[in-house]
Every structure is written in C-alpha cells, then in structure tokens.
Amino acid sequence: MPADLAVIIVSWNTRDLTLDALRTLYADLEAHGPQAQVWLVDNASTDGTAAIVRTLFPQTHVIESPKNVGFAEGNNLALQALGFGPEAGEPGEQPAAVYLLNPDTRTHAGATRALYDALFRLPRAGVVGARLTYADGSFQHSAFRFPGLAQLVFDLFPVPRRLHDTALNGRYPRDLVATGEPFAVDHTLGAAMMLRREAILDTGLFDEQFRMYCEEIDWSIRIRAAGYEIYCVPAAHVTHLAGQSTRQVRPQSELDLWQSRIRLYDKHASPFVRRAARWIIRAGMVRKISAAQRAFDTGALTAAQRDELVEVYRTIQGL
C-alpha cells in the first residue's frame with residue numbers, strides 16, 4: 001500500500017540546511033504523523049549531501065541527478081518515481097498527497113499533520129500551503145494573488161513602501177493569517193506546498209521550462225482551472241530561510257527569474273498583458289543596468305561583476 005504522504009526535498013549544495021530540514025521533518029512526522037515516506041532529489045551537489053543523508057537518514061529515498069536540473073525537473077524526478085506523470089499508474093497506486101518542501105526549511109511541531117488534515121477537510125482543496133516565518137520568527141508572506149502588471153512595477157521601480165504589503169502587490173492581509181483559520185488564495189509559495197493526489201493526476205507535473213521560478217504559480221493556475229481550491233493553513237508553521245540555493249549564483253538566478261516570469265505571462269496572459277509586461281521589464285532592466293554601474297562606481301561591485309550583471313540585464317531586455 002502507498003504511504004499516506006510523500007515528502008519531496010530538492011537540494012543543491014545546501015547540505016547543512018538539508019540535514020536540519022530532515023531532522024525537523026522526521027521529528028514532526030514521528031510525533032504527529034501522518035505516515036510518510038521522504039524523498040531527497042540531490043541536484044549534483046559537490047558538498048556530499050546525498051552521502052551524508054544516506055548515512056544519517058537511511059529511511060530517506062535518495063535520487064542523485066547527474067546535473068543541476070533545477071526545482072521543477074528535480075521534483076518531477078521524484079513525482080515520476082512515485083507513479084505520477086505520463087507513465088502514471090492506476091489512481092490509488094500513488095500516495096494520497098505529496099508535500100514539496102524546500103531544503104532551507106525547519107518544520108514546527110504538528111505542521112505536516114495540519115496541512116494533511118486541511119487538504120482533505122477543506123472543500124475542493126487541491127493544494128494547501130504552510131504559514132512561513134523567517135529565521136528570526138518574523139512574518140513571511142506565504143500565499144499570493146496571481147501576478148499582474150502592478151507586481152512587475154513593484155519589483156522594478158520605486159513604489160511607496162506603504163503599498164508593498166497590499167493587494168496591489170499580490171499580498172493577502174496579515175490579519176487573515178493571524179486568525180489561525182485556513183483561507184483561500186490564488187497560490188502558495190512552493191517552499192512548503194502540499195498537493196492532493198487527484199490534483200496532480202488531473203493536471204500533470206511541473207512545467208520544466210520553468211527552471212527555478214514561477215513553476216508553482218504555473219501549476220497553481222492549472223490546478224485552479226481544473227476546479228480545485230488552494231488554501232493557506234496558518235496552523236501549519238514552517239520556518240523558511242529563503243533563497244539559500246539561488247543566492248549562490250546571483251546573475252544566473254536573475255536570468256532564471258525573469259525568463260520564468262516572461263514565460264508565465266506568455267503562457268497565461270492576454271496579448272495586451274504580454275506586451276505590457278515586456279515593456280515594463282525592459283524599462284526595469286535599464287534601471288538595473290544604471291544601478292550596476294553606480295555600484296561599480298562606489299566600489300560595491302568589481303568591473304567583472306558589473307559586466308556580468310549588465311550582460312544578464314541586456315539578455316533579459318531581448319527576451
């Protein structure tokens with residue numbers, strides 16, 4: 001019989017963080033359930049992640065990718081091993097739910113059970129996401145509205161600070177989280193995202209053309225279109241350290257980010273919104289090129305660092 005739950009963690013050179021994620025996850029599962037199997041997909045790390053996980057957590061299913069395939073394809077490797085995807089087995093042969101968990105997370109007591117119970121209790125729930133906090137315990141947004149043009153402006157141009165935490169920027173009121181009750185959202189953050197088996201079977205896997213960003217937004221759009229609801233579950237508390245893999249390669253991460261955002265608009269937006277999004281992004285890259293030059297002038301960047309960033313920004317302008 002399949003486990004009630006499969007947890008998938010995708011890592012890349014985050015050995016110590018991954019070990020903390022596994023320690024806190026297993027402690028939570030042992031104390032509160034549900035019955036689960038845990039999968040680690042290691043994206044060709046050079047820090048010995050796979051070997052030490054096999055030693056310290058031998059119950060973990062480890063998949064070693066020969067290269068860094070990113071978040072979407074990495075998760076898909078485990079999902080396919082679990083019986084999802086084009087070669088999916090009969091419905092019911094897969095776990096009842098799949099929990100995608102970042103390696104830079106720490107699970108608080110009862111979080112996994114709270115997500116699992118909510119997934120099967122809430123009307124038409126296809127996805128549920130945890131309440132996230134930063135390492136110091138401060139609030140972190142974990143659920144968002146689907147991105148529109150305004151969110152691009154917030155990301156690329158000066159906007160009054162008081163507006164950043166509003167619906168204009170895709171944020172839900174913090175008061176909703178403070179109630180402790182689940183609430184419906186457009187999409188949750190992929191750092192702690194649990195999916196019902198049927199939602200995966202009905203919509204397929206991650207679109208692997210989203211290598212590192214926006215993949216959970218794309219999947220959430222498809223899941224919502226299939227008739228499922230998506231919820232944030234404040235009772236499920238997970239600490240998320242945020243960006244520990246992507247910060248290792250800043251220029252490449254910047255390129256991955258904007259390639260994915262443009263692909264998201266191309267795939268799901270109207271022709272007008274697609275054209276407007278490109279205009280906003282190109283204008284934003286002009287500002288980023290100027291900022292890189294100023295950072296070089298003040299000594300914050302070397303000439304090589306400036307040139308690398310400027311090349312990336314110009315590449316993005318041409319997408």
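Predicted model: local features only at pLDDT ≥ 70, side-chain atom pairs only at ≥ 80, totals over all residues.
Local features need pLDDT of at least 70 and side-chain atom pairs 80 or more, while totals for chains, interfaces and linings use all residues. Residues are numbered from 1 along each chain as its sequence is written, and side-chain values use heavy atoms, without hydrogens and water.

User: At what angle do helix α1 and helix α4 pack?
Analyst: Helices are DSSP runs of H or I with at least four residues, numbered from the N terminus. Axes are lines fitted to C-alpha atoms over the stretch in contact, and angles run from 0 to 180 degrees between N-to-C directions. For α1 (residues 15–32) and α4 (residues 111–121), the axes are 8 Å apart and the angle is about 65 degrees.

User: Which residues of α4 make the contact with α1?
Analyst: Contact means heavy atoms within 4.5 Å. From α1 come Leu25, Asp28, Leu29 and His32, and from α4 come Ala111, Thr112 and Arg113.

User: What is the volume of the largest cavity?
Analyst: On a 1 Å grid over the protein atoms alone, a cavity is a set of points where a 1.4 Å probe fits but cannot get out. Points are joined across faces, edges and corners, and a volume is the space filled by probe spheres set on them. The search finds 2 cavities of 30 Å³ or more, and the largest has about 40 Å³.

User: Which element gives the most to the lining of the second largest cavity?
Analyst: Lining residues have an atom within 4 Å of a point. Here they are Ile262, Tyr265, Asp266, Arg274, Ala277, Arg278 and Ile281. With 4 residues, the element that gives the most is α10.

Methods. Helix = DSSP H or I, 4+ residues; strand = E, 2+ residues; numbered from the N terminus. 1 Å grid on protein atoms, 1.4 Å probe; cavity = no way out; pocket = protein on both sides within 12 Å on 5 of 7 lines; lining within 4 Å.
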